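Subject: Structure handover, aromatic contacts

Hello,

I am passing on the structure below. My notes on the aromatic rings follow it.

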Amino acid sequence: MNRIFRVNMKDLTCKIEEVPEAWAGHGGRGLTSNIVAAEVPPTCHPLGPNNKLVFAPGLLTGTPAAQSGRMSAGAKSPLTGGIKESNAGGTSAQQFAKLGIKAMIIEDQPEAGKWYELHVNNNGVTFHDASALKGVQNFDVIAAMEEKYNPKIGVCTIGIPGEERLLSANISVKDSDHKIRSHGRGGLGAVMGSKGIKVITIDDSAGKRVTIADPEKFRAAAKIFAKAMLDHPVTGEGLPIYGTNVLINILNEAGGLPPKNFRYGQCEHHDKVSGETMHDVIASRGGSTKHGCHAGCIIQCSQVYVDENKEYITSGFEYETVWGLGINCMIESLDDCARIDNAMDNIGIDSIEGAVLLGVAMEAGVLPWGDGKEALRIMNEEIGKATPLGRILGNGTKSVGDAYGLTRVPIVKGQGIPAYDPRSVKGIGITYATSTMGADHTAGYAIATNILQVGGHIDPLQKEGQVELSRNLSIATAAIDSCGMCIFIAFPALDIPECLPALIDMINARYDISLDGDDVVALGKSILKTEKAFNDAAGFTNADDRLPEFFELETVSPHNAIWDFSPAEIDEFWNF
Amino acid sequence: MKITVKLFAIFRNDRFKIEDRDYPNETTVGDVLTSLDIDGPELGVALINGRHVTKETVVTEGQTLALFPKVGGG
Ligand code: SF4
């Protein structure tokens, strides 16, 4: 991976550049964030010509390392106004790696109203008129591109919300089953739309296998790493059987599962949408309870959710989405939730933002609590078609709250808060407050230690230790996100001593370098600081590292917990 | 004394979801696990009334004990 494809959407050119020294040791999030920080003016309009959209596979992507096939996408986020990295499975990352593309940087924009397909292959990028695809949603775009090329073609696409630059729009990535994985958070689909790009197709047929400097050392480390994945009960057993949705019941029991737009900490009908129930429904209907989002995933937390006639409804049906629809919006039918999830894939909006904004819309009285049929209609007919109401909703949780004059608006830096109540799981509250990405549970997944007792235990209701926990996890996550690794490797990494050294050994063997654990921590720190500096220069201050006020005003049952961190306590996060 | 035991994920296999069960006074979480034929190391999280407890914690009359194997997600 030694080439940078620099694409200009104004003059429709692609230059192939060598990787500058400063970026050689970066991949994934570290690379997208460094490129955005170096090349995007922090105060630019995220939908204007000065923003850049960057794609970068991780440092280990394309190698046989388990879990390493994730692609990072970065830009200045139109949703948060700050830097954004969002990583996704699908085929694109490994295709880029095969083509030796370390990053693709997309600059500037064409005349308004022009739509293009960017076709990426070994020779660079060619530009094709895509006006016929305007107004076509994602699954049909994928089908059209497979028809045009072949079933193996890689596809990254936006639906109508992306074309219309709605701030919840995501970038959808084709997976090996012709379905969709997403660069979900932060409105990157709107950035792609602002650049007149309807779809990116990737032909890796002239690509080569990624070279590994020391294959023997790599093989040995990869074996240890894969064994850690399979040996750890979370990644070897819990995730493959139940998927991430296994969390519904444990969060409910612990009082951290917020129903009805963050009103309470537990939900009466939790079992109707729990991971255990979902497993039984899928198994009894003949769907698949196990599924990987990219080749090389041995954990397989995903699934294929089918209806009674074994017809596909959705896949990649994650805990946060099920929480958002089933608990936050009180939609008790798992089938309805699955259909809405699929609609969000098809129209191309972030399924977390989509579910959180829907909860605020219910709060506003736009639709009744729990009305899955109306929620599905709103997705397809309003947001999916960018009607006036659809624009208010599709611009995200903050937009809905502003439009209807509400104060119970769960956001940080403009991005919807997912799935875990920060009052009763305080570590994740610190992550929501401080993340450079806006409210993002994956940025420093304190649930592991607060609730799941992985990597030790810190009482979720106590303030002590949470800032340090969130900081350490955030640093480690920034590094893991740079490897192209799925974040779930953190579970074995926290508990199995051989796991992290094996990961570092794989990087060393791949590039013939000699990183140690301290270097990896230093990498994580520098990524966070680079992102923070970008956000500061974009106009963020400490006051943006705060949770919405209602968390300080209302306690949450059953523990009567409240958000009671002082500003100074939160700001300690950045003391490293 | 009577306590309510809730089981989750694979702990439910060949057992139950929720049951009111009789135990002698001074029963610990570990004793409940033994009575259910669950090996200690299999336990991920034990919660009594929504708070994390250890295997040594003594369960008292009327409490609800929730037992999870090691699970995760995110
Ligand atoms: S464990 Fe899940 S998220 Fe991670 S790579 Fe596999 S399918 Fe994707």
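To begin with a charge and a ring: A:Lys463 lies over the face of A:Phe565, and 5.5 Å separates it from the ring centre. A second case is A:Arg510, whose charged end sits over the ring of A:Tyr511 at 4.3 Å from the centre. Please keep in mind that this is a predicted model.

Next, the pairs between rings. Over all chains, the structure holds 13 aromatic pairs. One of them joins A:Phe262 and A:Trp323 edge-to-face, with 5.6 Å centre to centre and 65° between the planes. A:Phe262 belongs to the loop between α8 (247-254) and α9 (275-285) of chain A, while A:Trp323 is in helix α10 (residues 319-328) of chain A, so this pair ties together parts that are 61 residues apart in sequence. A:Phe262 and A:Trp323 are both buried.

Another edge-to-face pair is formed by A:Tyr305 and A:Phe317, at 5.6 Å centre to centre and with 75° between the planes. Here A:Tyr305 comes from strand β14 (residues 302-306) of chain A, and A:Phe317 from the loop between β15 (312-315) and α10 of chain A; the pair links distant parts of the chain, 12 residues apart. Both A:Tyr305 and A:Phe317 are buried.

Which residues do ring pairs link into a cluster? They are A:Tyr319, A:Tyr420, A:Tyr445, A:Phe488 and A:Phe491.

Regards

Definitions and conventions
Residues are numbered from 1 along each chain as its sequence is written. Chains are lettered from A and ligands numbered from 1 in the order in which they are written. This is a predicted model: local features need pLDDT of at least 70, side-chain atom pairs count only at pLDDT 80 or more; totals for chains, interfaces and linings use all residues. Side-chain values use heavy atoms; hydrogens and water are left out. Rings of Phe, Tyr and Trp (its six-membered ring) pair if their centres lie within 6.5 Å; planes under 30 degrees apart count as stacked, over 60 as edge-to-face and the rest as tilted. Helices (H or I, at least four residues) and strands (E, at least two) are DSSP runs, numbered from the N terminus. Buried means under 20% relative accessible area, exposed over 50%, partly exposed in between (1.4 Å probe, protein chains only). A charge sits over a ring if NZ of Lys or CZ of Arg is within 6 Å of the ring centre and within 35 degrees of the ring normal.
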